[in-house]
Amino acid sequence: MNILIVNVGSTSLKYKVYTFPEEIILAQGKLERIGSPDAIVSHTTTGKNAYRNVEPIQDYTTAIQLAIRLLTDNQFGAIADVTEISAIGFKTVIAQGITGCVILDETVLAAMEEFAAVAPSHNPPYINAIRSFKNICPETPLLGLFEPSFHRDIPTYAYQLGIPLHLAEKYGIRKYGFHGASHRYIAERVTQLLGSKYRLISCHLGGSSSLCAIRDGISIDTSMSFSPQSGIIHANRIGDLDPFAVLYLMDKENLTTNQIRTILCKESGLSGISGIKGGDMRDIESAAKQGNTRAITAIDTFAYSVQKYIGQYLVALEGIDILVFTGGIGEHSALLREKICHKLSFLGIKLDISKNRSVVGEKPIHTEDSIVQLWVIPTNEELIVARAVKDTITRQDSV
């Protein structure tokens, strides 16, 4: 069984083809800068030549057509025909009233559109890409694993927000949590490595970041709330913010909801603090080394926001056994890991500086006498989505 997994960004399309039951990646690719005349295309298939090119890609339909063409190409492809793909899976973000892994029919797409304003950087491009795939591959089942599904078991007191209950229930306003595929992978990998009984804080740190408190493989709380803009600060998105600061800013600047949404989603976070467009932590760390005070402040603010959530989850978990770093920043920034762990030594968290600075891939980075285990574990969200898609279509086929 071959399953194509698609990850949609605002101007990018990433994909992997998994074959089951082996869970082997047959092919993978990335198309960046969609909508520009100099889009970057990369594609690799095991045992074949790689494809690299810069070419115009005007929209998602064009990008998808190119991806399918590369996957079925004699020279570069992994399959002879698109019919060899049993299903196409998406790491979908949020839809009103929808959770788990589901067929992406018109009812589900309408529910995604209903929450488009909640995830403006995610839902619109996903909806466009899904509709394009429907047109290009009309006979192939399309499924989405919604990000909040891993957090569905968090207790009521953890997901309830302090607004009138009738409004919360009427409009589905509550903590949902995101990065579910990543946190689920970390939980499952920790179980494989260290056993099934543990108190774990998973730190998915990247352009989009969240923490998750996990007890024995189950999510009991997470830092993102109603929308992916919440929690710790992100590359371009705001993170936690007093809502009255938003109202005050709208009044003072005479801003519409669309204008403030742009500020909160595209101009804030690490980018807004540092002044470095895009908010890429690699660029911010480089600027900080040159003495850029705004960049230094951005790094310190990010580290502190992570530390605060770790403190919260020590209470939720009644202690901690394992702290895991994952995501682009979590896996690759020794500086941030060191800064985050520095103030946690009173908890018995002892980072091995040498291990931390040399780690590549999946490794422990704690000292031998550390009470808490510290790990860097590369995440694998696509594999989690592929497994969920495989399980869903297998169940349907057996009915």
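This is a predicted model: local features need pLDDT of at least 70, side-chain atom pairs count only at pLDDT 80 or more; totals for chains, interfaces and linings use all residues.
Colleague: Why is Ser208 called buried?

Modeller: Buried means under 20% relative accessible area, exposed means over 50%, and partly exposed is in between (1.4 Å probe, protein chains only). Ser208 has 18%, so it counts as buried. It sits in the loop between β9 (199-204) and β10 (210-215). Helices (H or I, at least four residues) and strands (E, at least two) are DSSP runs, numbered from the N terminus.

Colleague: What makes the pairing of Ser208 with His179 a polar contact?

Modeller: A polar contact is a pair of N or O atoms within 3.5 Å; within protein, one must be able to donate a hydrogen and the other to accept it, and residues adjacent in sequence count only if both atoms are side-chain atoms. The side chains of Ser208 and His179 meet at 3.1 Å. The side chain of Ser208 also makes a polar contact with the side chain of Arg237, at 2.8 Å.

Colleague: Which residues does Ser208 touch?

Modeller: Contact means heavy atoms within 4.5 Å. Leaving out residues up to four places away in sequence, Ser208 touches His179, Met224, His234 and Arg237.

Colleague: How do you know that Glu23 and Arg387 form a salt bridge?

Modeller: A salt bridge is a side-chain nitrogen of Lys or Arg within 4 Å of a carboxyl oxygen of Asp or Glu. For Glu23 and Arg387, the closest N and O atoms are 2.8 Å apart, so the pair qualifies. Glu23 lies in the loop between β2 and β3, and Arg387 in helix α15 (residues 381-398), so the pair ties together parts that are 364 residues apart in sequence. Side chains of opposite charge can pair when their charged atoms come close.

Colleague: What links Glu23, Glu188 and Arg387?

Modeller: A network of salt bridges links them. Glu188 pairs with Arg387, the closest N and O atoms being 3.2 Å apart. Glu188 lies in helix α6 (residues 180-194) and Arg387 in helix α15, so this pair ties together parts 199 residues apart in sequence. Glu23 is partly exposed at 30%. Arg387 is partly exposed at 23%, and Glu188 is partly exposed at 32%.

Colleague: How many salt bridges does the structure hold?

Modeller: It holds 17 salt bridges. One of them joins the side chains of Arg199 and Asp321, at 3.0 Å from N to O. Arg199 is in strand β9 and Asp321 in the loop between α11 (293-317) and β12 (322-326), so the pair links distant parts of the chain, 122 residues apart.

Colleague: What do the buried residues of α1 pack against?

Modeller: They pack against β1 (2-8), β2 (12-19), β3 (24-32), β4 (36-45), β5 (51-57) and α3 (123-136). Among these buried residues are Tyr60, Ala63 and Leu71.

Colleague: Why is Gln307 called buried, and why is Glu139 called exposed?

Modeller: Gln307 has 11% relative accessibility, under 20%, so it counts as buried. Gln307 is in helix α11. Glu139 has 73%, over 50%, so it counts as exposed. Glu139 is in the loop between α3 and β8 (142-145).

Colleague: Why is Leu167 called partly exposed?

Modeller: Leu167 has a relative accessible area of 33%, which lies between 20% and 50%, so it is partly exposed. Leu167 is found in helix α5 (residues 165-171).

Technical notes: Residues are numbered from 1 along each chain as its sequence is written. Side-chain values use heavy atoms; hydrogens and water are left out.
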